[in-house]
Amino acid sequence: MDEFERHGIGVVSGRDACARALRSPELTSDPGGGSPSVLLRDGEEHTRLRAVLREIIAGLEPFPASLRAGIETTVAGLGTSFDLVRDFARPVAGAVTSAVLGVPLDDVFLDHLEATTANLDVFGGTDRAGQVSAFRLAVQLSRTQAGPGGLTALRAAHVAGRVDDDELMFNPVVLAHAAYENSLNFLAGAGLELATSGPRSVRELVTAICPARYVLRFGPDGPVAISLAGGLPFGLGRHACPGSGVAVAEGEIALTALAKVLGPGCRVDEVRWKTHPVFHGLASAHVVVSGKAG
């Protein structure tokens, strides 16, 4: 909260107050300046662009059997010594993001995708490296051949006049980041909970971990950060996460497979956390199953 205060951002906390703020017509996600991002739009422009992205996400509902099998195979192959971020959460979140976009994603792409967190910072994107990463991915995706999936669907929407040039350039990165960053952080954190505290349902874990801690809104009295950590992990109102169903299905598949790998005994060490004020997640956590050294 001190970080928010230094930037003149108020904070709304407490579930009831946050629910009212998320639904309030007096608070907008649009800071002005005409951003092409669906995250920074309201009114008819937001509704139009959100509808296109929601159609893309619906392509993974129900969760494709081939994607489920790929995740289960990846997790089953973790072995007896692995890192929850690098070896578990990253390949799972990357596979789902690849399926959302309809293009293969390599480690270099995922590295730049993680770096764009700074570009989506509530403090105005002052990290130039994050901005460069976002621009690089936007250009890369604009030149990428795509199969069935989000990138092809966005291009078709552009041809049909449903999205403009700037929206076509920028929103594939927004879509990729939304599919990847929160899943990466949630899966790693939930995996740590399973390894240290035992079984819990995915819906309990989603609420407890809440990888995106705040959303920014603008009102008559200035910007406010609204907490999602009090039981509102997917938000509410017109900006509620359109991919919550896919996120929960992904978590259930990956974490069920991880629980089988963890078995009755494991230890966790070298736990490090990220320090971003909005995106909550592990930087690393080393797991050794059944006391066997890697």
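This is a predicted model: local features need pLDDT of at least 70, side-chain atom pairs count only at pLDDT 80 or more; totals for chains, interfaces and linings use all residues.
1. Which kind of pair do the rings of F4 and Y214 form? A search of the whole structure finds one aromatic pair. The ring centres of F4 and Y214 are 4.8 Å apart and the ring planes stand at 85°, so the pair is edge-to-face; planes over 60 degrees apart count as such. The pair also links distant parts of the chain. F4 belongs to helix α1 (residues 2–6), whereas Y214 belongs to strand β3, and 210 residues separate the two.

2. Strands of a sheet pair through backbone hydrogen bonds, either parallel or antiparallel. Here, three strands form an open sheet in the order β1-β4-β3, and the pairing is mixed. The edge strands are β1 (10–12) and β3 (214–219), each of which pairs on one side only. From one strand to the next, the twist averages 30°.

3. In which sense do β3 and β4 pair? Strand β4 covers residues 222–227, and its pairing with β3 is antiparallel, over six bridges. Within this pairing, L216 stands opposite A225 in β4.

4. A helix accompanies this sheet. Helix α2, made of residues 15–23, lies across β1, β3 and β4. The direction of helix α2 is at about 130° to that of β4.

5. The whole chain may now be considered. It contains 11 helices and six strands. Of the contacts with a separation of 6 or more, 68% are between residues 24 or more positions apart. The pair of F4 and Y214, 210 residues apart, likewise links distant parts of the chain.

6. How does the radius of gyration agree with that of a compact globule? For 294 residues, a compact globule would have a radius of gyration near 19 Å, and the chain has 19 Å, so the two agree. The C-alpha trace spans about 55 × 45 × 35 Å along its principal axes.

How values were computed. Residues are numbered from 1 along each chain as its sequence is written. Side-chain values use heavy atoms; hydrogens and water are left out. Two strands pair if DSSP finds at least two bridges between them. Helices (H or I, at least four residues) and strands (E, at least two) are DSSP runs, numbered from the N terminus. Axes are lines fitted to C-alpha atoms, for helices over the stretch in contact, and angles run from 0 to 180 degrees between N-to-C directions. Contact means heavy atoms within 4.5 Å. Rings of Phe, Tyr and Trp (its six-membered ring) pair if their centres lie within 6.5 Å; planes under 30 degrees apart count as stacked, over 60 as edge-to-face and the rest as tilted. The radius of gyration is taken over C-alpha atoms; the globule rule is 2.2 Å times the number of residues to the power 0.38.
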